[in-house]
Amino acid sequence: MEQSVFTNQQITDLPQHKSIVFEPLADKALLHAQLNWLLFFIPFCLVLAVVCYFNTDFAAMAQGYLLVAVPLLILLCMLYSVFSIKLQGSALRTHDIAFKKGIIWQQVTILPLARVQHIEIHRGPIERKLGLASLRLYSAGGMSADLQISGLTHEKCKNIRQFVQSYRHDETTSEVAASEC
């Protein structure tokens, strides 16, 4: 009679994701988000100015609205980025990495480290200047990043990547040792 290797124990006490202690993003993450908004609004305002310059009828009709709406829209986007960045956080735990985001629709994504197949560190020109980076984690079978965390320091991204690679190496080593027994 062959003994079964597979066991499936009943779980009675589920861990609560609300007990995760999230670390806030880097100090310069807010500046990065606001600079990105400005990089959107500068060309947007230039296009509006060109349209108003060449289309005097549109300029006469919309000038009052644009003088109120555009600064208000810029202010709302800047305030949104303040609250959004303050509510985001990441947590690296023994067997997974978690990320929370959202103001109205809050989302917590937890990715088991055993599923991570590929890690990328992305740094745009503004991120490089501010010492920031974005971490992208891909799991098995995924075409796009399953988890993307922006607003981390470059050093923290490198440390997380090293931790995940060490985790994968330790897991592979323990699987090989178990199969040899």
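Q: What makes E3 and E4 of this predicted model a hairpin, and which glycine sits in the turn?
A: The two strands have five residues between them, and the turn holds glycine 102, whose phi is positive at about 110 degrees. The strands themselves are E3, residues 96-101, and E4, residues 107-112, and they run antiparallel.

Q: How do you know that strand E3 pairs with strand E4?
A: Pairing takes at least two bridges between the strands. Here six bridges join E3 to E4, so they count as paired.

Q: Why is cysteine 77 called buried?
A: The cut-off for buried is under 20% relative accessible area. Cysteine 77 comes in at 11%, so it counts as buried.

Q: What about cysteine 157, is it buried or exposed?
A: Buried, because its relative accessibility is 0%.

Q: Why is histidine 32 called buried, and where is it?
A: Histidine 32 has 12% relative accessibility, and buried means under 20%, so the label applies. Its place is in helix H1, which covers residues 29-54.

Q: Which residues does histidine 32 touch?
A: Setting aside residues up to four places away in sequence, histidine 32 touches Ile126, Glu127, Leu130 and Leu132.

Q: What makes glycine 124 count as buried, and where does it sit?
A: With 13% relative accessibility against a limit of under 20%, glycine 124 qualifies as buried. You'll find it in the loop between strand E5 (116-122) and helix H3 (125-130).

Q: What separates glycine 124 from serine 134?
A: Along the chain they are 10 residues apart, and their C-alpha atoms are separated by 8.8 Å.

Q: Which residues have the most contacts inside the largest nonpolar core?
A: Ile97 and Leu137 do, in a core of 20 residues. The elements giving two or more residues to this core are H1, E3, E5, strand E6 (132-139), strand E7 (147-153) and helix H4 (154-180). H4 gives the most, with four residues.

Q: What is isoleucine 97 in contact with?
A: Leaving out neighbours within four places in sequence, the partners of isoleucine 97 include Ala91, Leu92, Thr109, Ile110 and Leu111. Also among them are Leu113, Leu137, Leu147, Ile149 and Ile160.

Q: Where does UniProt list "transmembrane region", and how much helix does the model have there?
A: The unreviewed UniProt entry lists residues 37-56 and 62-83. Over residues 37-56 the model is 95% helix and 0% strand, with the end C-alpha atoms 28 Å apart. Residues 62-83 come out at 100% helix and 0% strand, and there the end C-alpha atoms are 31 Å apart. Keep in mind that the label comes from the record, whereas the helix content is computed from the model.

Q: How many helices and strands are there, and in what order do they run?
A: The chain has four helices and seven strands. From the N terminus on, the order is β-α-α-β-β-β-β-α-β-β-α.

Q: What are the figures for the chain as a whole?
A: Of the 181 residues, 27% are buried. Among contacts between residues at least 6 apart in sequence, 51% join residues at least 24 apart. The chain exposes about 12,900 Å², with carbon and sulfur atoms supplying 61% of it.

Terms used:
Residues numbered from 1 in each chain as written. Predicted model: local features only at pLDDT ≥ 70, side-chain atom pairs only at ≥ 80, totals over all residues. Heavy atoms only, no water. Buried < 20%, exposed > 50% of the residue type's maximum accessible area, 1.4 Å probe, protein only. UniProt positions renumbered as here; feature names shortened; annotations may be inferred. Contact = heavy atoms within 4.5 Å. Areas by Shrake-Rupley, 256 points an atom, 1.4 Å probe, with all protein chains shown as cover. Core = buried A, V, L, I, M, F, W, Y, C linked by side-chain atoms within 4.5 Å.
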